[in-house]
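Dear colleague,

I am handing over the structure that we spoke about, and my notes on it follow directly below. Please read them with the sequence and the coordinates open beside you.

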Amino acid sequence: MQPSVYHGVWRAAVHTLRTRGTPPCRLLSTAPLADAETIFALSSGHGRCGVAVVRTSGPASATALKHMAGLTRNLPPPRTALLRSITHPQSKEVLDRGLVLWFPAPHSFTGEDCVEFHIHGGPAVITAVLQALGSVAGMRPADAGEFTRRAFQAGKLGLTEVEGLGDLIHAETEAQRRQALRQMSGELGRLYQDWSHRLKRCLAHVEAFIDFSEDELIEDGVLNQVDSSVCDLQAEMERHLKDERRGERLRSGVQVVIAGATNAGKSSLLNTLCQRPAAIVSPIAGTTRDVVETALDIGGFPILLSDTAGLRDSPDLVEREGVRRARERVEQADLTLVVVDCAQLSSAAQQAAAFIRGHLTSVLPTQEQPETVFPTDRFLLVLNKSDLLPEEQKQKLDRELRCVSGLPPVCLISCHTNEGLQDFLTVLHSSVKTLCGDPLSGAPTLTQARHRAHLQQCFAALAQYQRYRDMDMALAAEGVRLALTSLGRITGRVGAEEILDIIFKDFCIGK
Amino acid sequence: MLTKKLPPLQSFLVQVSRRASHVARQQYDVIVVGGGHAGTEAAAAAARVGAQTLLVSQKIHTIGALSCNPSLGGVGKGQLVKEIDALDGVCGRAGDWAGIHFSILNRSKGPAVWGPRAQLDRQRYREFIQSELLSTPRLTVLEGSVEELLVTEPNPEEPGQHRVTGIRLANESHPISASSVILTTGTFLSGSLFMGQTTSPGGRIGDAPSSAGLSHTLRERLGLRTGRLRTGTPPRIVKDSVDLSLAQLHPPDSHSTPFSFLNTHTRCKPEEQLPCYLTYTTPGVERVVKESLHLNCHIQQDTKGPRYCPSIESRVLRFPGRSHRVWLEPEGMTSDLLYPQGLSMTMPPDVQLRLIREIPAMHRAEIHTPGTLPDIYVCLQLTDLTVKFYLNASYFLGRWWFPGYGVQYDFVCPTQLSPALQVKSTQGLFLAGQINGTTGYEEAAAQGLWAGVNAARWALSMPAVALSRTESYIGVLIDDLVSRGVTEPYRMFTSRAEFRTTLRPDNADLRLTLKGFEEVGCVSSFRYQKAVRVRDSLQDALAALQSLALSPSIWRKKMPDIPMSETKNNVPTGMDILQYNDVSFETMASAFPECLSPYMEFSQRLKIEAVYRPHSEQQRKEIERIQREENMSLPQDIDYLSLPVSLSQEVREILDRVRPSTLGAATRLQGITPAAVVHLLNYVRHTGQKERRPHRYRTDQREDEEPRARNTSLPR
């Protein structure tokens with residue numbers, strides 16, 4: 001299908017120009033940039049590692065490489081490692097010393113021009129390099145699965161790889177969603193939500209002014225309100241972007257949450273795992289009321305372990321808040337350890353399985369209520385207090401529960417005697433390892449770089465509103481739309497209907 | 001176009017009825033039921049594409065009637081009119097013929113959101129539409145009431161697949177057969193009229209209710225889901241009874257801009273145009289509304305009405321303590337009535353009179369009372385319901401006519417339609433207009449045109465065509481309807497179009513006329529030639545502007561008034577300079593007459609192109625992405641619930657309910673994850689290559705799509 005006749009006009013105009021031999025105009029020189037944006041991301045996994053790999057793909061890769069590896073004249077030979085100082089393209093500050101590799105199109109993973117930076121694995125270095133890349137014109141952080149999708153587009157993936165693509169994207173978007181949830185529930189999240197809310201109102205008012213002011217009584221002051229809101233937003237964003245202090249320290253590591261009914265032994269599990277009495281343990285149900293956090297190292301991977309209040313309906317105000325926080329944590333968790341007191345289980349495996357299912361459902365965040373399959377990779381089932389069971393029943397239970405399909409991995413342990421602890425650690429280790437293989441989970445630096453890029457776009461788009469405010473409202477509104485789209489990539493998409501809802505709530509539209 | 005002489009109405013009716021006497025047994029390619037804005041555009045478009053077309057309407061003399069406000073166009077709606085005209089539709093030219101007050105709304109807000117609008121002379125509009133239909137080859141008009149829609153039993157090989165075979169008229173034993181039927185029955189599907197505490201069946205006052213057979217077939221036999229909506233219309237006011245000196249005068253534009261790309265001027269001379277008047281509601285209006293709430297059953301029900309065209313009752317209830325605008329609009333060149341825009345109401349007639357008299361300019365106003373009763377009532381069947389209707393009507397008519405009233409009606413949930421506006425479960429059945437949950441003449445006409453095109457193409461065994469939301473407001477309208485559905489009457493706004501700065505009223509011909517001729521077949525070669533000439537001239541002019549690359553000092557010498565910035569661009573081109581706020585093409589042409597003066601007739605369009613160019617370039621990538629996704633069609637017979645692909649139950653249910661027709665539509669559905677889209681794409685790609693089913697419609701489509709499928713790509 002032809003894109004549209006209108007574009008045909010432009011192509012023809014450019015064509016005519018070329019044939020007449022006039023000097024190249026802006027239109028031609030910006031054409032490659034307009035065709036594809038260049039993306040970048042941390043490609044190596046998260047966790048303790050010596051080397052981190054940051055990858056870029058797209059036409060601006062060469063520019064980024066030249067500016068950041070101090071290669072003023074020539075690009076390095078293709079697919080050859082080169083040791084360079086890696087510098088910030090604007091400030092020229094040296095960020096790290098590492099290997100750079102240049103993969104010109106089409107001989108690369110995505111079929112586009114690609115660059116790899118092999119840098120030191122510390123979070124500070126990674127953050128600095130990602131932010132430096134974000135400051136190169138035409139570059140932005142990659143969306144979930146975008147590298148793979150580009151490779152798919154270029155026909156670089158085999159059939160089996162393609163089939164796995166959907167699952168991969170699912171995993172990545174899920175990890176990002178959880179990461180975003182963690183941030184959005186904090187101070188920063190409230191700030192972005194507030195901006196988004198104010199931008200929405202601005203857009204709604206501009207759109208109301210465009211679509212309705214000729215027939216309806218839209219107060220003259222509407223645009224002035226928008227003007228001052230946009231000014232305020234610009235100033236706040238500028239301050240925020242300049243602010244070198246971190247508003248809040250982002251929790252790093254794989255988020256593992258211990259959840260379950262009261263008195264199942266959750267706090268004992270935490271204390272057992274961190275080998276110190278980090279949480280108060282007592283036989284009284286409802287001892288833990290707040291979230292107790294502790295950082296751990298499991299087989300070389302950083303995890304942040306949280307003990308939460310036992311889930312039950314309680315008349316106590318403080319405990320209710322604790323339960324709310326517990327549920328919030330489970331929603332944001334990469335991995336949840338569901339603790340069950342195995343003394344409560346029936347000796348018949350089927351009944352025990354049914355009990356466990358019911359229990360899991362009550363722990364699961366409501367939006368993830370199982371359809372047909374249980375998200376088994378995000379849960380571990382810990383049957384605690386095995387020392388209270390007779391030996392034969394213990395073995396029977398263990399054997400039979402393993403055969404029940406649809407349940408997450410089951411570990412029978414005793415925090416009291418440390419029985420089964422070694423097996424449990426092995427299972428936990430392998431789960432954490434899988435999660436860390438995903439570069440997105442628990443990597444706040446990457447999220448920060450992404451946020452920064454989107455905020456910068458948002459800020460720039462607001463300038464477009466200012467520029468066109470008195471010339472062309474359609475183009476000015478376009479600026480606010482762009483700003484909201486950019487911010488929406490952090491806070492969630494805003495649809496046309498939502499804007500119309502605000503319009504109809506704020507104005508009496510009668511035509 | 002404006003020079004042609006309209007045949008007198010009387011002779012038109014004679015001719016039509018002469019035709020009607022011997023058409024009843026014929027076979028047609030396309031039958032259009034309903035003669036409103038959707039029906040007339042549908043019939044004309046189907047005939048233009050080449051189908052033998054029959055238009056059936058309850059009353060021939062109301063074909064092309066403006067049943068609510070006497071105006072066309074506006075912000076968003078004007079864009080639709082321009083696009084309908086670009087596809088050779090009727091309403092733009094009819095507006096130019098019948099307009100008596102032309103203005104471009106949003107003049108100060110940028111050309112992308114200009115809203116061409118006109119007040120119309122009701123009679124002239126109807127005359128133009130009727131004469132246009134009469135002179136359309138292959139189109140027959142028949143007066144009659146459709147008793148039944150004829151459909152086959154579902155095909156056992158394709159469960160749920162019915163096929164339309166024709167219609168049967170009331171009082172006729174023989175069916176009329178057709179390959180396609182377009183229903184444009186407006187508010188008549190189980191319509192009820194409301195005034196005060198009385199209710200009666202019907203879709204418009206003065207017309208018989210439509211047959212129950214039609215709604216029965218749609219709901220019971222075809223199993224279509226329907227919803228209920230409401231709308232209303234204000235009373236008409238006798239002009240002489242209004243003290244216009246107490247209202248603000250709103251003159252039209254001094255230069256009347258025609259809707260149609262074919263017209264250079266309107267029929268009504270600029271100096272002959274009539275003004276509109278603006279008044280405001282008073283606290284008295286609010287008081288009357290509140291006092292009469294118990295007498296007003298329409299307003300008490302919770303059926304969804306339009307939020308943007310609310311009755312005066314809902315306006316004062318939702319926003320109390322304010323004064324609301326009321327426009328007094330002329331109804332025609334010689335009409336002695338005014339249309340009070342914004343005073344749609346459903347209270348008893350005596351309260352209506354009390355209410356309007358609370359507005360200062362109307363303190364002595366009279367609601368129009370007609371001299372004679374319409375003859376429609378004598379031919380009604382006297383069932384219980386219609387007896388009641390008859391009595392109510394005579395009560396209304398005896399004292400007041402035309403009072404305001406409300407209508408509640410059924411609409412068919414439009415997610416059951418394909419982007420061709422064909423009912424997915426019934427081959428050959430197309431729906432357009434208010435029956436799909438929209439409101440407004442322009443929205444109806446746009447759907448009518450597109451349904452007409454596709455009904456004709458279906459009947460002639462040509463593949464369906466779709467308009468993308470990246471290329472037209474019509475595409476936005478249809479995509480919103482079929483992929484999102486409606487919860488309230490749907491009206492077009494410019495804010496619904498993502499690519500508003502590309503989809504402008506000035507370039508509708510470049511966007512649609514060429515495609516309409518080359519790919520769709522609904523545009524005459526006369527119009528096509530004209531559009532090609534325009535396109536070529538614009539291309540030449542843009543090339544000429546681009547080749548004017550001069551140093552800033554030369555620019556300053558040639559055009560001393562322009563504010564040049566040294567640093568920005570070393571060699572600015574004519575395009576760059578034309579983007580400046582205070583530079584017009586005329587001033588440039590006078591500085592460079594040798595290369596620019598041949599293009600003076602396009603000066604406004606060139607200025608607009610120059611201003612929007614950088615933004616359109618930015619949007620191009622996004623547009624291309626969406627178009628790629630839209631070129632990936634999803635087979636309509638996928639069983640999503642058992643598809644051997646990893647999709648969550650929730651996603652399966654959404655897909656099964658909506659049945660998006662393209663991957664693009666699927667990605668816009670709420671609740672569809674990127675992963676689900678990838679799985680779908682993968683499935684479709686692989687099965688699409690393997691399966692090729694012998695089906696007269698799909699075979700064409702598949703062959704057409706093969707080359708596209710190869711270069712499709714994934715969404716970002």
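Helices (H or I, at least four residues) and strands (E, at least two) are DSSP runs, numbered from the N terminus. This is a predicted model, in which local features need pLDDT of at least 70 and side-chain atom pairs count only at pLDDT 80 or more, while totals for chains, interfaces and linings use all residues; side-chain values use heavy atoms, with hydrogens and water left out. Residues are numbered from 1 along each chain as its sequence is written, and chains are lettered from A and ligands numbered from 1 in the order in which they are written.

For chain A as a whole, the mean pLDDT is 76, and 73% of the residues reach 70 or more. Over residues 1-35 of chain A the pLDDT stays under 50, and the model has 53 contacts for them beyond four places in sequence, a contact being heavy atoms within 4.5 Å. Residues 368-373 of chain A are also below 50, with eight contacts beyond near neighbours in sequence.

Helix H12 of chain A (residues 349-363) has 15 residues and should span 21 Å, which agrees with the 21 Å between its end C-alpha atoms; the expected span is 1.5 Å times one less than the number of residues. A:Ala349, A:Ala352, A:Ala353, A:Ile356, A:His359, A:Leu360 and A:Val363 are buried in H12(A), and because they cover an arc of only 125° around the axis, they lie on the same side of the helix (the arc is that of the directions from the helix axis to the C-beta atoms). On the other side of H12(A), A:Gln350 and A:Gln351 are exposed. Buried means under 20% relative accessible area, exposed over 50%, and partly exposed in between, with a 1.4 Å probe and protein chains only. Among the elements that cover the buried residues of H12(A) are helix H11 (317-332) and helix H13 (391-403) of chain A.

Chain B has 24 helices and 20 strands, and 64% of its 716 residues count as buried. One open sheet of chain B has four strands in the order S11-S10-S18-S12, with antiparallel pairing, where two strands pair if DSSP finds at least two bridges between them. Strands S11 (198-201) and S12 (226-233) of chain B stand at the edges with a single partner strand each, so one side of each is left without a neighbour in the sheet. S12(B) pairs with strand S18 (residues 405-412) of chain B over eight bridges in the antiparallel sense, and B:Thr233 has B:Tyr405 as its bridge partner in S18(B).

Terms used. pLDDT is the predictor's confidence in each residue, from 0 to 100.
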